[in-house]
Amino acid sequence: MAKTASRPTRASSSAAAVLASSADDAAFATTLAKGLVVLEAFKAGASLLGNMELSTLTGIPRPTVARLTHTLAELGYLRYDSERAKYRVGARALRMAHPLLADMQFRQIARPMMQELAQSVRGTVSIGLLDGTSMIYVETARSGHVGPHVPDVGMPISVVMTAMGRAAAATLPQAEAALLEQRMAGEDAELWSAFRDRYRAGLAQCASRGFCTCWGEYIASIHAVAAPLFHSGETNQAFSINCGIPAFRLQPGQLESEIGPRIAALADSIRAVAGAAGPAETQKQNKRARR
């Protein structure tokens with residue numbers, strides 16, 4: 001029973017973290033995990049990596065990395081650049097995202113409504129999925145130049161530092177919300193200490209107003225507002241929707257008085273069309289538990 005209870009925390013951690021904690025698990029496929037650790041090393045800004053760089057990033061010995069990258073390239077998940085003697089993510093890796101995204105049919109329903117709001121406020125409107133201590137963008141709309149942060153599907157951002165993360169956390173049942181806080185504190189105690197109060201204030205905002213704000217905490221020049229969408233008990237997925245706008249485009253008080261209510265109304269519209277239950281009851285339970 002102890003191992004079963006720990007699975008949600010392990011499954012939402014990085015492959016490297018799970019690998020490090022699985023030495024005593026006889027059923028754990030270590031070689032497979034190491035291959036996934038290598039794949040997870042490829043990120044924006046680090047999209048072309050050699051075996052030595054991958055070994056340094058992952059802590060996996062270079063000979064093992066070389067076998068893993070060769071195998072992943074043969075399977076199509078990596079692509080070898082012979083001129084640079086380095087690897088980049090291959091097209092087959094993209095296939096893995098399609099079944100997940102295809103199951104989120106509400107994205108297609110939401111897209112035109114999101115685009116309308118993005119154009120109206122000259123910013124970005126995005127839907128995010130909670131993944132451990134990160135949010136992953138699963139849909140996004142933008143209008144023209146939106147500043148230094150250009151969201152795209154698959155991009156991760158922090159939970160504790162962002163309106164999107166706080167709004168998604170506001171959809172969680174109390175037990176899961178408590179586990180998320182433990183996870184954030186354990187992964188980066190300094191970051192959690194710095195943002196804990198603002199994170200919890202965001203949860204309270206969602207409960208009382210249906211949205212929360214973030215004043216340049218993640219990216220100084222971008223102010224954002226986000227609303228909870230829903231938490232699926234069947235898939236254990238938590239979603240939220242946000243709107244980010246370059247600070248110079250905002251009038252005093254506009255984020256809270258105009259754009260916050262609009263993103264909350266958009267969340268209501270998406271839930272209504274998608275037939276999803278709202279987070280109101282969860283938020284009430286969480287608010288009572290925090291007292």
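Q: How much space lies in the second largest pocket?
A: About 320 Å³ of space lies in the second largest pocket, a pocket being an open set of points on a 1 Å grid over the protein atoms alone, where a 1.4 Å probe fits, with protein on both sides within 12 Å along at least five of seven lines. This is a predicted model, in which local features need pLDDT of at least 70 and side-chain atom pairs count only at pLDDT 80 or more, while totals for chains, interfaces and linings use all residues. Residues are numbered from 1 along each chain as its sequence is written, and side-chain values use heavy atoms, leaving out hydrogens and water.

Q: And which residues are closest to its centre?
A: Of the 15 residues that line the second largest pocket, D103, F106, F230, S232 and Q237 are the closest to its centre, where lining means having an atom within 4 Å of a point.

Q: Switching to helices, at what angle do α4 and α5 cross?
A: The axes of α4 (residues 51-58) and α5 (residues 62-75) cross at roughly 115° and come within 9 Å. α4 is therefore roughly perpendicular to α5, a label covering 65 to 115 degrees.

Q: Which residues make that contact?
A: N51, M52, L54, S55 and T58 of α4 meet R62, V65, A66 and T69 of α5, with contact meaning heavy atoms within 4.5 Å.

Q: What about α3 and α5, how do their axes cross?
A: The axes of α3 (residues 30-40) and α5 come within 10 Å and cross at roughly 80°, so α3 and α5 are roughly perpendicular to each other.

How values were computed
Axes are lines fitted to C-alpha atoms, for helices over the stretch in contact, and angles run from 0 to 180 degrees between N-to-C directions. Helices (H or I, at least four residues) and strands (E, at least two) are DSSP runs, numbered from the N terminus. Angles under 35 degrees count as roughly parallel, over 145 as roughly antiparallel, 65 to 115 as roughly perpendicular and the rest as oblique. Grid points are joined across faces, edges and corners, and a volume is the space filled by probe spheres set on the points.
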